[in-house]
Amino acid sequence: MADDLSSLAKDVLLVKGLKSSTLVWRLVVLTLAMVCGVYICSICLKQIGTSSKIGFLDIKVVQKPCPEPNIEPWEIPYVHYPNPKTYSRAECACHPVRYFAILSMQRSGSGWFETFLNSHANISSNGEIFSVKVRRSNMSTITETLDTIYNLDWLSSASKNECTTAVGLKWMLNQGLMQHHEQIAEYFRIHGVSLIFLFRRNLLRRMVSVLANEYDRNAKILNGTHKSHVHSPQEAEILAKYKPTINSTLLIAQLKQVNETTTKALEYFKSTRHILLYYEDVVKNRTKLRDVQDFLRVPQMKLKSRQVKIHKGSLSSQVENWNDISKALTGTPYESFIHEDYRR
């Protein structure tokens, strides 16, 4: 009996020992499982955080490149896809744009000519930008201004609702163009800018227009307002009443200087793609405007201008001392100026 009790006590102790040992191992396993779970969760959270960060910050939308336009190989340097800083071109982003500049002299019909271009739905010519001296003070300001215009960031009345096909400006020869001609010619070459030269053949008519415009700048005949260009026959008739007196002694030298300036401009920019127009030819033959549209590679449209010509008819009726001028030019290379005339 005593042996049986002793055996029973040993069995009880053995069972208790086994239970205690099993409980300890379970606790150990549970602890390890918890540690591993926490570790795995922390790694997952880090990966989720990293992927979210990448998703929000690093992923960029890759735009498809614009399709190559169907053009001749020589045209490629003259086709551009501006990316304005001030707005998005949206549906026009892949619409090719060509850059141009109208090179001219004051009172040569450039303002009238530019109104024709701006009547085209796809052409934006931004006017006489470099009439403001600070913009032409040095090559850096000139480059900065040109970059803004050709990047379509120059907002003016010439801006279009339709997709722009050609963008440019009007640039007078005495507005920094001749002084910096080498650097400007290089800019035109690098940026694929095409030039439209617009001059007057009859430099005497141009002189009459210059003197009359200067007079009105001070006199302000039209209700105290100076107007370089007018839009009604009545205004044109009022301005045309003034007949300037031309200094016949200095006349030959002045005409020669203007002629030399235009010749130099053509020489300086002869390597730049260009077209040469004369005001008289455009007045007589409006098909010249079709040639310009072909030159700029824009769709053909009928171009219109609201400007009205101020000085009409023969020169003899527009100059106060005509007899002196006629005598001064007779027998000189400029004699043709006193005989050339046109009606429009």
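## Report on a predicted model

P77 is found in the loop between α1 (2–58) and β1 (98–104); helices (H or I, at least four residues) and strands (E, at least two) are DSSP runs, numbered from the N terminus. This is a predicted model, in which local features need pLDDT of at least 70 and side-chain atom pairs count only at pLDDT 80 or more, while totals for chains, interfaces and linings use all residues. Residues are numbered from 1 along each chain as its sequence is written, and side-chain values use heavy atoms, with hydrogens and water left out.

P77 has a relative accessible area of 46% and is partly exposed. Buried means under 20% relative accessible area, exposed means over 50%, and partly exposed lies in between (1.4 Å probe, protein chains only). Not counting residues up to four places away in sequence, P77 touches H191 and G192, where contact means heavy atoms within 4.5 Å. P77 and H191 are 114 residues apart along the chain, and their C-alpha atoms are separated by 7.6 Å.

The protein has eleven helices and five strands. Of its 344 residues, 38% are buried.

Helix α7 covers residues 233–240 and includes I238. The buried residues of α7 are E235, A236 and L239. They sit on the same side of α7, because they cover an arc of only 100 degrees around the axis; the arc is that of the directions from the helix axis to the C-beta atoms. What covers these buried residues includes α6 (203–219). The face turned away from the buried side carries the exposed residues P233, Q234 and E237. I238 is partly exposed, at 35% relative accessible area.

A search of the whole structure finds eight salt bridges, each a side-chain nitrogen of Lys or Arg within 4 Å of a carboxyl oxygen of Asp or Glu. Three of them are listed here.

| Side chains | N to O distance |
|---|---|
| E186 and R189 | 2.6 Å |
| R201 and D281 | 2.7 Å |
| K270 and E267 | 2.9 Å |

R201 lies in the loop between β4 (193–199) and α6, and D281 in helix α9 (residues 279–284), so the pair ties together parts that are 80 residues apart in sequence. R201 is partly exposed at 38% relative accessibility, and D281 is partly exposed at 22%. E186 and R189 are three residues apart in helix α5 (residues 181–191), which means that about one helical turn separates them. E186 is partly exposed at 34%, whereas R189 is exposed at 56%.
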